[in-house]
Amino acid sequence: MKTIIKSAAMGLMLIASGSAFSADPTTAASDKILPYPIYQHKLANGLNVVTVPFDSPGLAAFHIITRVGARNEVEPGVTGFAHFFEHMMFRGTEKYSKEAYGAALKSTGAAANANTTQDRTAYHMTGNSDKLELMFDLESDRFMNLKYSEHDFKTEAGAVKGEYTKNFASPYSQINEKRSETAFTTHTYSHTTMGYFADIVDMPNQYEYSKLFFDRYYRPEYTTVLVVGDVTPEKVNALAKKYFGTWQRGSYESVVPVEPEQTETRYVHLQNGSIPAYFSMSFKGPAFSDSKIDMPALDVLSSIVFSNTSDLYKKLVIEEQKVRFIGGGAYDSRDPNLFTIQVSMVDKEDMPYVLSEIEKAIAKVKTEDVDAALLERTKSNLKYGFAMGIDTPGSIATSLSHYIQLTGDPESINRLYALYDKVTADDVKMVANQYFKADHLTIATISDDELGALQ
Amino acid sequence: MRHLFKQLITLLIVLFTIQAQAMNVVELKQENSNKVVFKIRFENGSIADPADKPGLTYATASMMAQGGAGGVSYADIQDKMHPWAASYFAAVGKQVTTFTFQVPVDFIDEFYPLVKSALLAPDFSEKDFTRVMKEQQNYVDQVVRASSDEDYSKYALEHQLFRGGNMQHLLQGTSASVKTISLDDIKAQYKKVFTNNNVTLGIAGNYSDALLNRLKADLAKLPDMPYTPAVPSKARQADGIEVEIIAKENAFGSAIFTGAPLGITRSDDEFAALMIANSWMGEHRKSYSRLYQKIRQTRSMNYGDYSYIEWYSAGGLNQLPPSGVPRSSSYWSIWIRPVQIASQLQTQYPELADVNIGHAHFALRMAIREFDLLIKNGMSKQDFLATKTFLGSYTKLYAQSPAQQLGWLMDSRFYGRTDYLAELDVLLKKTTLEQVNKAIKKHWQTDNMFVTIVTDESEAKPLADSLINNSPSPMSYSNLVKSGLPAEVLAEDDEVANFHLNIKKVTVVNSADTFD
């Protein structure tokens with residue numbers, strides 16, 4: 001940990017020299033996994049403004065995270081709409097037509113794009129920090145004043161269909177869609193972020209709904225502006241106030257249906273012989289929390305039992321060579337989601353054997369303590385793995401975005417890593433028993449057979 | 001911009017090239033960094049494969065990076081590195097193979113012996129061999145055809161462009177060749193093409209001079225074989241436009257790549273001029289480029305459309321160009337992401353129940369016509385200035401992390417440059433509109449090109465007929481989109497639908513028969 005602490009000290013020096021009048025950061029960085037202070041400032045309208053100064057001369061990453069995703073698609077016939085709306089956000093305003101927006105964006109010289117998950121839509125650009133005000137101008141204008149014609153709306157739907165078309169080439173995309181709708185019967189996690197193809201084809205007819213969608217969700221209380229790089233919180237906060245200060249707070253809250261408890265193992269199969277046989281085991285897991293031990297304990301468990309240093313991997317992949325790949329882990333999300341173990345087979349005939357080996361490994365972690373030294377090595381891996389990955393403004397911003405989508409608070413990252421330190425062998429055993437239940441399991445298979453081999 | 005210049009100057013100050021025992025060294029010392037990155041590059045790549053063993057260099061590098069070394073098993077190596085979150089991997093290109101090692105500076109002393117063993121003492125055990133080769137066989141048999149139709153069409157285009165030469169085959173080889181690779185072949189290839197005469201040592205981050213000296217001394221112990229790099233074959237000149245349609249079961253769209261030989265690379269100053277034209281026409285993943293505007297934004301035909309004047313790895317994943325894949329034998333290309341096929345349009349829209357082919361012919365015409373117009377008319381002053389300004393900032397995003405910075409510096413050496421990104425900055429500033437328009441005419445033409453289309457079995461034959469006959473290919477919009485299109489778009493569509501492509505040959509290939 002020496003390096004992280006050293007870097008934190010340097011981060012603090014940078015702040016001290018660059019911002020004599022800055023507001024206090026919401027945390028002192030010295031004992032946190034993120035070795036840089038996080039400055040948070042909430043505008044009166046509810047917009048959260050987050051600044052993380054980082055030593056990247058001349059560069060800044062500018063992210064806007066809107067906490068709306070496929071999870072919010074509660075009405076029938078509009079699956080995939082949060083993602084579709086991400087596309088519409090590039091279609092212009094009265095001030096900047098789509099052509100003018102493109103020209104202005106080009107003039108920033110930034111790398112800009114957006115993406116959508118089950119829980120959020122994120123817009124990001126990394127570029128010259130001297131262009132920060134232009135970035136604020138462009139982004140605030142479209143978040144507050146987006147205006148597109150019905151024709152543009154219908155046209156953009158074709159691009160979404162094109163995205164689905166390119167993704168569909170992968171059988172893994174196809175089984176992902178089937179797995180979601182099998183594992184969830186009620187919650188909106190039953191559909192993927194792309195949405196159902198029938199709904200995508202119908203998107204051009206949803207112009208009125210799109211306006212409602214914008215009115216509901218593109219509001220300050222759903223949104224965080226995050227800037228990382230060669231910036232100061234004073235400058236970022238002042239620009240945020242100038243460009244987002246008049247944004248009106250909304251009032252809509254979507255009610256996401258609760259998934260009823262699953263009562264028996266479910267199965268789904270894709271007949272496709274173009275790739276090696278595959279199966280996955282998905283248990284119902286917890287929602288993300290930065291205060292409960294469950295998710296950190298599951299992360300530690302997944303590394304110990306399913307990573308490429310696990311006994312299972314060594315036996316099945318390296319020694320017996322019956323498996324091409326095995327891995328597993330819990331999906332971080334706002335509502336309870338899946339813990340999925342995925343296996344790519346060498347020979348489909350070995351599927352029942354490999355399944356039984358995984359079941360044995362699960363039975364073992366439910367009843368036996370994990371080795372104390374292995375537990376410490378795993379915690380070390382989690383921390384150093386994070387530290388190694390945050391070496392650009394964009395990578396830091398992407399890490400923080402992940403936690404902003406989950407809790408709305410970037411400090412969750414520091415709380416989560418503090419919890420990793422506290423995970424015990426008992427915690428690992430506890431979450432194994434809590435979440436690895438046969439009645440809560442969905443098994444998905446791909447092979448050239450008409451029926452799945454594991455049912 | 002002040003900071004950027006300061007950064008560039010700093011970079012130049014800390015940058016050294018040291019010729020020691022014929023070994024090239026690229027250094028990038030960053031004392032504030034929390035890690036050390038090594039990139040050990042060998043000038044070999046898949047063109048160093050023996051003619052009867054395509055895929056051998058890839059197999060050799062895989063065995064070095066994913067096998068035991070120094071008597072320590074692969075599993076034990078993974079265990080050792082796990083608490084440090086250290087890692088290493090091999091990336092094989094057509095002309096180079098690069099091993100990248102990364103470790104937190106806290107553990108560099110414990111990690112270094114693993115670096116040394118992986119490079120100098122790979123075990124090449126039978127056990128590792130069967131595992132690694134199963135994976136490689138699987139890739140050439142199945143994965144390359146089943147994962148992404150876009151990548152499939154890109155590799156298939158290279159297969160056409162370089163047919164008969166050492167640049168033709170996949171890095172992983174062919175279904176037939178991988179079966180013939182033996183462990184003895186791998187051991188021999190290691191001695192032959194991973195030598196101390198074709199290695200470049202790259203190091204970045206928070207390292208000591210003592211460590212660097214130790215690494216230099218150790219790399220001198222690599223096999224000391226005389227080494228002459230293979231000469232990469234040149235891309236072929238097509239006779240007219242030659243189209244290969246790959247018919248695949250249950251494809252959902254038509255994935256298209258097209259290209260033609262290009263005589264310049266980053267080594268040439270003129271590359272900067274062509275880069276400006278290409279960026280305006282089809283900058284990778286940029287919504288304001290011409291092709292994207294015409295095909296996706298206005299006509300709703302697919303997810304995106306881009307153009308390239310050098311190899312670009314994993315375009316579906318990378319937003320910015322990655323380092324580590326330099327080439328001296330080049331071609332320019334157009335990537336048209338999957339467009340709709342007839343069977344899909346028929347089921348989606350009643351008004352399109354009678355369409356015979358999907359959008360591939362129209363999209364291909366539209367993209368090639370845009371190049372044709374640019375070659376004839378050149379860039380406007382306004383577009384030139386905006387694109388030059390854009391690239392001046394954008395190219396500074398290519399190398400942000402220590403590993404990226406080191407990778408770009410090492411690629412610079414491949415092209416005979418010291419710091420390509422810094423030199424490019426100067427070249428871009430100096431480039432004039434006249435130079436750009438001259439480069440366009442000199443290097444681009446649309447009469448002779450290769451085209452690859454991966455599509456559904458149902459689409460292949462009607463599309464092939466339409467292409468070879470140069471039949472009109474009117475754009476088949478849904479009524480929803482068509483009703484709102486401006487008259488000028490529809491008028492342009494008429495021109496595109498009848499645009500003459502110099503197609504002289506169209507072949508339909510079954511997916512199972514590709515890459516042989």
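Me: What is the strand order of the open sheet of 5 strands in chain A?

Reply: Two strands pair if DSSP finds at least two bridges between them. Strands are DSSP runs of E, at least two residues, and helices are runs of H or I, at least four, numbered from the N terminus. Here the order is S7-S11-S8-S10-S9, with mixed pairing. Strand S7 (266–271) and strand S9 (323–330) of chain A stand at the edges with a single partner strand each, so one side of each lacks a neighbour in the sheet.

Me: What should I know about the model and its numbering?

Reply: This is a predicted model: local features need pLDDT of at least 70, side-chain atom pairs count only at pLDDT 80 or more, and totals for chains, interfaces and linings use all residues. Residues are numbered from 1 along each chain as its sequence is written, and chains are lettered from A and ligands numbered from 1 in the order written.

Me: In which sense do S8 and S11 of chain A pair?

Reply: Antiparallel, over 6 bridges, between residues 278–284 and 441–447. Ser280(A) has Ala444(A) as its bridge partner in S11(A).

Me: How many residues of helix H2 of chain B are buried?

Reply: Buried means 20 or more other C-beta atoms, placed from the backbone, within 10 Å of the residue's own. In H2 (residues 56–65) of chain B, 10 of 10 residues are buried. Among them are Leu56(B), Tyr58(B) and Met63(B).

Me: How many residues of chain A contact chain B?

Reply: Contact means C-beta atoms, placed from the backbone, within 7 Å. 56 residues of chain A are in contact with 62 residues of chain B. H5(A) gives the largest share of chain A's side, 11 residues.

Notes. A residue is buried if 20 or more other C-beta atoms lie within 10 Å of its own, exposed if 12 or fewer, and partly exposed in between; C-beta atoms are placed from the backbone. Two residues are in contact if their C-beta atoms, placed from the backbone, lie within 7 Å.
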